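Here's a quick briefing on how this chain is put together. Have a look at the model first, then read on.

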Amino acid sequence: MKYTIGLVFILLLSITASGQSTPNYVALGLEFQQYPTGSIPGVRLGFALADHHSLELRVGYNIVYHGDAGVHELEEGGGFGFSPGYQYWFRSAHEGLFLGARVDFWFNSVDWKDNIGLANELSGTTEIMVIQPTLTGGYSIPIAQKLYLTPTLAFGAEINTRQEGADVGEGAILLAGLQLNYRM
């Protein structure tokens, strides 16, 4: 994990050092992502690195409602996390279509139940760190001066690590999102 983050930052530094002209903006925004078994509201920062290249950082809360789609009959919970990411823009103005990658780190607490309503009902709480690498894409649309609306789509995997408690749901994930960003 440390090596992946280090490689991303080395790549970003090499892009900025390549002599390309650098668009001058920082974007502050709100983001909401929805996936079949959860929601992620967050606050994000975007930084133009060079023509076609940007870095994003996000802090958010992962609301988990796996229901019976996880390991147990009922799984609910959530936790805070953060996400570094990279975007490649097809237009040098950092508008329109982009593709990228990011890695989310979530620190979730998941309450679970089995045999619900029976005499032998079981329940517990699992504390996990989730690493969620995703490939992302989106289309940034200017809606006012310095204000951009960006629908997004991401595909990746939820990988449970540092687990205390019983196994809970993990696996492939598809997220649809919407960002509202103000470029300073």
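Helices (H or I, at least four residues) and strands (E, at least two) are DSSP runs, numbered from the N terminus. On that basis, the protein chain runs α-β-β-β-β-β-β-β-β from the N terminus on. Bear in mind that this is a predicted model, where local features need pLDDT of at least 70 and side-chain atom pairs count only at pLDDT 80 or more, while totals for chains, interfaces and linings use all residues. Numbering starts from 1 along each chain as its sequence is written, and side-chain values use heavy atoms, with hydrogens and water left out.

**Overall make-up**
- Of the 184 residues, 42% are buried (under 20% relative accessible area, 1.4 Å probe, protein chains only).
- Take the contacts (heavy atoms within 4.5 Å) with a separation of 6 or more: 60% of them are between residues 24 or more positions apart.

**Nonpolar cores**
- A nonpolar core here is a set of buried Ala, Val, Leu, Ile, Met, Phe, Trp, Tyr and Cys residues joined through side-chain atoms within 4.5 Å.
- The largest one has twelve residues, including Tyr35, Trp106, Trp112, Ile128 and Leu175.
- Strands E5 (96-114), E6 (122-144) and E8 (171-183) each give two or more residues to this core, and E5 supplies the largest share, three residues.
- Apart from it lies another core of five residues, among them Tyr25, Ala48, Trp89 and Phe98.

**Around Ile128**
- Leaving out residues up to four places away in sequence, Ile128 touches Trp106, Phe107, Asn108, Val110, Asn160, Thr161, Arg162, Gln163 and Val168.

Notes. Buried means under 20% relative accessible area, exposed over 50%, partly exposed in between (1.4 Å probe, protein chains only).
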